[in-house]
Amino acid sequence: MRLSAILLIPMVWFHTIFTTLIVGAENVNLNLVAARWATISWRVYDALLLAFAFSHGITGLRQVLFDFATGATARKTLNILLLLFWLALSVVGIIGIVGGVAK
Amino acid sequence: MVKNIVNGVSGLIHYKGGVAHYTFLMHRISGLGVLTFLSLHILLESTAHYAPRLYDQLNAGLQTPLGLTAEIVMALLVIFHGVNGFRITYFDLFHPDLWTPHSALHSVRATWIVSILLWLPAVAIMILHSLRLI
């Protein structure tokens, strides 16, 4: 958590400052995504951001849930559900980034 | 399980820890808020690949006053979570000796001040963007 946290502060802040303050939400559209993903380094950046941020978030959610679910069975069930949720959205997102915008 | 949740939530509300306690709560609330946003954000952005025609339609829904409000709230959550997370990480890794009630309280106040100072200009820029003034 600590290590991904240190990485995430510059990565997420750059991402949000760039998209919401420099580009601006009103200018975001499919062409812009296509233009950005035409550069491989943007795709690598987005994929890393997705992996770090989503894993960090799921680990945090697990920590919060474990404060309430103290039984072994409940924790085991939560672990499986969280793993499936993490895997599903990560795969959906990574395939989206690798696949890119079809011309 | 249900008893744990009732006890846990009532403890979170009734514990009289002052600003440090609200900071702990806000770290959790902002974390869960950002995770919720991120999950939806992954699904929305990936439509650029799966359903390109849908992408601009869904995005137009965010370019509304409601979308701007959500953006402004999300900015506070992300900024706060980052600033507070930095404080926790810095103390844990480099200055565990500073984990005393006194200096922790000072740093907690600083966290709120820094977060709001970073948030206000961001809000101004986002509003100007939404009005297409910049």
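Tutor: Let's start with what covers the buried residues of α4(B): the cover includes α1 of chain A, along with α2 and α5 (101–130) of chain B. Helices here are DSSP runs of H or I with at least four residues, strands are runs of E with at least two, and both are numbered from the N terminus. A residue is called buried if 20 or more other C-beta atoms lie within 10 Å of its own, exposed if 12 or fewer do, and partly exposed in between, with the C-beta atoms placed from the backbone.

Before we go on, keep in mind that this is a predicted model, where local features need pLDDT of at least 70, side-chain atom pairs count only at pLDDT 80 or more, and totals for chains, interfaces and linings use all residues. Residues are numbered from 1 along each chain as its sequence is written, while chains are lettered from A and ligands numbered from 1 in the order in which they are written.

So which residues of α4(B) are buried? Among them are Glu71(B), Ala75(B) and Leu77(B), then Val78(B), Ile79(B), Phe80(B), His81(B), Gly82(B), Val83(B), Asn84(B) and Gly85(B), and also Ile88(B).

Now zoom in on Phe80(B). Leaving aside neighbours within four places in sequence, Phe80(B) is in contact with Met26(B), Ser30(B) and Ser115(B). Contact means that the C-beta atoms of two residues, placed from the backbone, lie within 7 Å.

Phe80(B) also belongs to the largest nonpolar core, which has 17 residues. Such a core is a set of buried Ala, Val, Leu, Ile, Met, Phe, Trp, Tyr and Cys residues joined through C-beta atoms within 7 Å. The members that touch the most others are Ala53(A), Phe54(A), Val78(B), Ile79(B) and Phe80(B). At least two residues each come from α1, α3 and α4 of chain A and from α2 (18–50) and α4 (65–94) of chain B. The biggest giver is α4(B), with six residues. In soluble globular proteins, nonpolar side chains tend to be buried together.

What about the two chains as partners? In chain A, 37 residues are in contact with 39 residues of chain B. On the chain A side, the elements giving two or more residues are α1 (2–23), α2 (30–37), α3 (40–68) and α4 (72–99).

Stepping back to chain B as a whole, you'll find five helices and zero strands. Buried residues make up 20% of its 134 residues. The C-alpha trace of chain B spans about 55 × 40 × 25 Å along its principal axes. Of the contacts in chain B with a separation of 6 or more, 76% are between residues 24 or more positions apart.

Chain A has four helices and zero strands, and 15% of its 103 residues count as buried. Its C-alpha atoms fill a box of roughly 50 × 25 × 25 Å, taken along the principal axes.

And the confidence? Chain B averages a pLDDT of 92, and 100% of the residues score at least 70; pLDDT is the predictor's confidence in each residue, from 0 to 100. The model scores ipTM 0.94 and pTM 0.93.
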